[in-house]
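Here's a walk through one protein chain, going from the whole fold down to a few side chains. Have the sequence and the 3D view open as you read.

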Amino acid sequence: MSQFFRAAAHARAPGHRNTLLPEQRLGILVFALALLFVGAQSAFAHEFKVGDLEIEHPWSRATPAGAKVAGGYFTVTNKGSAPDRLLSISSDVSDKAELHEMGVKDGVMTMRPVSGGLEIPAGGKVALKPGAYHLMFMGLKRQPKQGEKFSVTLTFEKAGAVTVEFAVEGMGETGGMDDHAN
């Protein structure tokens, strides 16, 4: 790689014609694109850690004007040897936040609050996603808009509290959750 930098510096020398070979130009282009890709990946993927827990890609959807509720989604992985439990949620975007579960019973879709918290098994992973476990932000203080972020504090039984930033995606987005398994 040092040959690459020497060639680039030599080409910039005063009074010197650009003598970079096509392969060197291509190498510079590929290197620049790789740097852009890595930067873009880190902008979309965001993780938070508390105790043995890792919270991956917290996200929500933009809401239409006048909406009073929004959903929240993320994946939590327990790297520890003991289970933990998500006990409570608070947010700066809403008056109230709850953990909910969606399901289908006898052909009817239901949504209900989860009492007693959500267990995160030792060495396990739980995905909060559309159509399953998710957060509900009720009494919105403002409309989450695409491209913004808002703070949410998640409190776990053993790991304690952690404040995470939820990225707001478009109204029809899935937050990349199509790629994540439970």
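Of the contacts in the chain with a separation of 6 or more, 66% are between residues 24 or more positions apart; contact here means heavy atoms within 4.5 Å. Keep in mind that this is a predicted model, in which local features need pLDDT of at least 70, side-chain atom pairs count only at pLDDT 80 or more, and totals for chains, interfaces and linings use all residues. Residues are numbered from 1 along each chain as its sequence is written, and side-chain values use heavy atoms, with hydrogens and water left out.

**The chain as a whole**

The chain has 2 helices and 11 strands. Both labels are DSSP runs numbered from the N terminus: helices are H or I with at least four residues, strands are E with at least two. Reading from the N terminus, the order is α-α-β-β-β-β-β-β-β-β-β-β-β.

Of the 182 residues, 36% count as buried. Buried means under 20% relative accessible area, exposed means over 50%, and partly exposed is in between (1.4 Å probe, protein chains only). The chain exposes about 10,600 Å², with carbon and sulfur atoms supplying 57% of that; the areas come from the Shrake-Rupley method with a 1.4 Å probe, and for residues only the protein chains shown count as cover.

The mean pLDDT of the chain is 82, and 70% of its residues reach 70 or more. That score is the predictor's confidence in each residue, from 0 to 100. Among the elements, helix α2 (residues 22-44) has the lowest mean pLDDT at 50, while strand β7 (residues 118-120) has the highest at 98. Residues 37-44 stay under 50, and the model gives them 1 contact beyond four places in sequence. Residues 177-182 are also below 50, but that stretch has 13 contacts beyond near neighbours in sequence.

**Strand β5 and its partners**

Which strands flank β5? One is β9 (residues 133-140), joined to β5 by 7 bridges and running antiparallel to it; another is β6, also antiparallel, with 6 bridges. Two strands pair if DSSP finds at least two bridges between them. In β9, Tyr 133 is the bridge partner of Glu 101, and in β6, Met 109 stands opposite Val 104. β5 and β6 make a hairpin with 2 residues between them, and Asp 106 in the turn has a positive phi of about 55°.

In a regular strand the side chains alternate between the two faces of the sheet. Now take two residues of this strand. His 100 is found in β5 and is buried, at 6% relative accessible area. The His 100 side chain makes a polar contact with the side chain of Glu 98 at 2.7 Å. A polar contact is a pair of N or O atoms within 3.5 Å; within protein, one must be able to donate a hydrogen and the other to accept it, and residues adjacent in sequence count only if both atoms are side-chain atoms. Leaving aside neighbours within four places in sequence, His 100 touches several residues, including Met 111, Val 114, Tyr 133 and Met 138.

Met 102 is also in β5 but is partly exposed, at 24%. Beyond four places in sequence, the contacts of Met 102 include Met 109, Met 111, Gly 131 and His 134. The C-alpha atoms of Met 102 and Gly 131 are 5.4 Å apart, although 29 residues separate them along the chain.

**Salt bridges**

The structure holds 5 salt bridges, each a side-chain nitrogen of Lys or Arg within 4 Å of a carboxyl oxygen of Asp or Glu. Among them are these:

| Glu 54 | Lys 79 | 4.0 Å |

Glu 54 lies in strand β2 (residues 53-61) and Lys 79 in the loop between β3 (69-78) and β4 (84-91), so their bridge ties together parts 25 residues apart in sequence. Lys 79 is exposed, at 56% relative accessible area.

Glu 101 sits in β5 (residues 94-105) and Arg 112 in β6 (residues 108-113), so this pair links parts 11 residues apart in sequence. Glu 101 is partly exposed at 22% relative accessibility, and Arg 112 is partly exposed at 46%.
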